[in-house]
Amino acid sequence: MFSLLFAFGFSALVTFSPWLIRNTIWAGNPVFPEATSIFGKAHWSDVQVERWKRANHQPPIKQQNLQARLQAGWDQVLGDSRFAYALIPLGVIAIALRRDRESVCLGLLLLFQAIFWLFFTHLQSRFFVLAIPISALLIGGVAGRIWNVSGIVFAVLFIIGAIVFTEQKIGLIAGKFEAIGLNLFMFEAREDISIFSHQPQDVASKKLELVGDAQTFWYDVPMKQLYYRTVFDVDSKPGENDEQMWMQGWPTGADVIVIRDDQALERFHQTYWMIPPENQPISAPTGK
């Protein structure tokens, strides 16, 4: 048993090592931007470290109590149609029906994931997706004709529902493309990718600086002329406004075109710590 665990751990470490080595060389922290208090924060400021922590490890303040966390478990997982409602409950029922070593181990893994999700993440449904294959393994291991027939019926209903859901989703996406004059299913008829571009017409010989926008695929510009930051790359200091924060260290002059995404900037202000309101200077952090 020990040899198997060692082989698994060693294989996992070898597979994971390129990322660890790259981060160690680049930032001096093998798991950057995690564990900054242990391995160092590299080029990040304390504000950036705290913003990352609050955005990726802590739920909003209003969800940092037991009742709100449990409510999030219902809203984001058990009551979320993307988890098909019955999948996880059927997985739990399967543990009681099977009562073998494999089902107990899978059940403990499911329990561990539920505890970790509730108390050590920021309560987003996408971080619970590993419960789907675990539940599927539990359900698939139950023997019995009635159970198997029921499983087939549920599978057929699920496939039908998935087709309907996918069709609706594609329709929504196609509608967004049509709003900017593009047909989602006729890309092959387009000869010039510049039709997708959002940049001004005279940008060919100029530098393009994106404030609040990291969707570089919209801009048909050489990377050496394109400047952008993600919200976690922004170092905000009291007294600075949004453009000063985003454009820190970028070139200025007549050959520079600045494009602002005001909608994204407002969303960043509402979502992330120490991001000021649009065109207003940021105040000193309060710790909240």
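Which residues of helix α7 (residues 131–140) are buried? They are Ala131, Ile134, Ser135, Leu138 and Ile139, where buried means under 20% relative accessible area and exposed over 50%, with partly exposed in between (1.4 Å probe, protein chains only). This is a predicted model, in which local features need pLDDT of at least 70 and side-chain atom pairs count only at pLDDT 80 or more, while totals for chains, interfaces and linings use all residues. Residues are numbered from 1 along each chain as its sequence is written, and side-chain values use heavy atoms, with hydrogens and water left out.

**Helix α7**

**Helix α1**
- Helix α1 (residues 2–27) bends by about 45° at Ser17, with Pro18 following within four residues; the bend is the angle between axes fitted to the seven residues ending there and the seven starting there.
- Leu20, Asn23 and Ala27 of α1 are buried, and the helix is followed by Gly28, whose phi is positive, near 75°.

**Around Trp246**
- Not counting residues up to four places away in sequence, Trp246 touches Leu210, Val211, Gly212, Arg229, Val231, Val234, Leu265, Phe268 and Ile275, contact meaning heavy atoms within 4.5 Å.

Key. Helices (H or I, at least four residues) and strands (E, at least two) are DSSP runs, numbered from the N terminus.
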